[in-house]
Amino acid sequence: MGREAAIKAQVKGFLIPIFVERDVDTGEVIRSGLGPEDFEKVRSGYACARCLAIFDTYTITCPACGLVREWEADIPGAPELWLAHLREQAQEEPTPRSARSFDEAMKAKLAGDEMEKIPVRKLRRRRR
Ligand SMILES: [Zn+2]
């Protein structure tokens, strides 16, 4: 199968990262920060760690960018700066460095967003 055909057959789309760190000179993506679900796709082999292509099946070699999955290698954790930003958004108490994984920080952020929602019943208080 040619490269183009392989991409069409296997790539469903691309993940959208929450953070992107680029090389200042080349503009090349150095690393991306993904939400828990997207990170899980990369971890389990259903998305590319480099170009973030989403695959329809477990894929070893990314047809879009050619990255070969090193399934024994650890996926690096998120930089502390990103975690700090997520914690800040979640308005949490500061936690010791590296105490939380990126996934945990994201879940906390999402939980924080949930808490900010005002229940409908509070908005529709009836007058007596
Ligand atoms: Zn790729």
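This is a predicted model: local features need pLDDT of at least 70, side-chain atom pairs count only at pLDDT 80 or more; totals for chains, interfaces and linings use all residues.
Trainee: Okay, what does Cys-48 touch, leaving out residues up to four places away in sequence?
Mentor: With those left out, Cys-48 touches Ala-53, Cys-62, Ala-64, Cys-65 and Leu-67. Cys-48 also belongs to the largest nonpolar core, which has ten residues in all, among them Ala-53 and Cys-62.

Trainee: Which other residues make up that largest nonpolar core?
Mentor: Besides Cys-48, Ala-53 and Cys-62, the core takes in Leu-15, Leu-34, Phe-39, Ala-47, Ala-49, Leu-52 and Phe-55. There is also a second, separate core of five residues, including Ala-78, Leu-83, Leu-86 and Ala-105.

Trainee: How much of the chain counts as buried?
Mentor: Of the 128 residues in the chain, 17% count as buried.

Trainee: Changing topic, how many helices and strands does the chain have?
Mentor: The secondary structure comes to five helices and four strands, and reading along the sequence gives the pattern α-β-β-β-α-β-α-α-α.

Trainee: How do strands E2 and E3 run, parallel or antiparallel?
Mentor: Strand E2 (residues 19–22) and strand E3 (residues 29–33) run antiparallel and are joined by four bridges. Within that pairing, Phe-19 stands opposite Gly-33 in E3, while Glu-21 stands opposite Arg-31 in E3.

Trainee: What's between E2 and E3, then?
Mentor: The two strands form a hairpin with six residues between them, and in the turn Gly-27 has a positive phi of about 80°.

Trainee: You mentioned Gly-33; how far apart are Pro-79 and Gly-33?
Mentor: Pro-79 and Gly-33 are 46 residues apart in sequence, and their C-alpha atoms are 8.9 Å apart in space. Pro-79 itself is in the loop between strand E4 (53–55) and helix H3 (80–90), and it is partly exposed, because 14 other C-beta atoms lie within 10 Å.

Trainee: What share of the contacts join residues at least 24 apart?
Mentor: Counting contacts between residues at least 6 apart in sequence, 39% join residues at least 24 apart.

Trainee: Last topic: where is confidence lowest and where is it highest?
Mentor: Confidence is lowest in helix H5 (residues 120–123), at a mean of 62, and highest in E4, at 95. For the chain, the mean pLDDT is 79, and 74% of the residues reach 70 or more.

Terms used: Residues are numbered from 1 along each chain as its sequence is written. A nonpolar core is a set of buried Ala, Val, Leu, Ile, Met, Phe, Trp, Tyr and Cys residues joined through C-beta atoms within 7 Å. A residue is buried if 20 or more other C-beta atoms lie within 10 Å of its own, exposed if 12 or fewer, and partly exposed in between; C-beta atoms are placed from the backbone. Two residues are in contact if their C-beta atoms, placed from the backbone, lie within 7 Å. Two strands pair if DSSP finds at least two bridges between them. pLDDT is the predictor's confidence in each residue, from 0 to 100.
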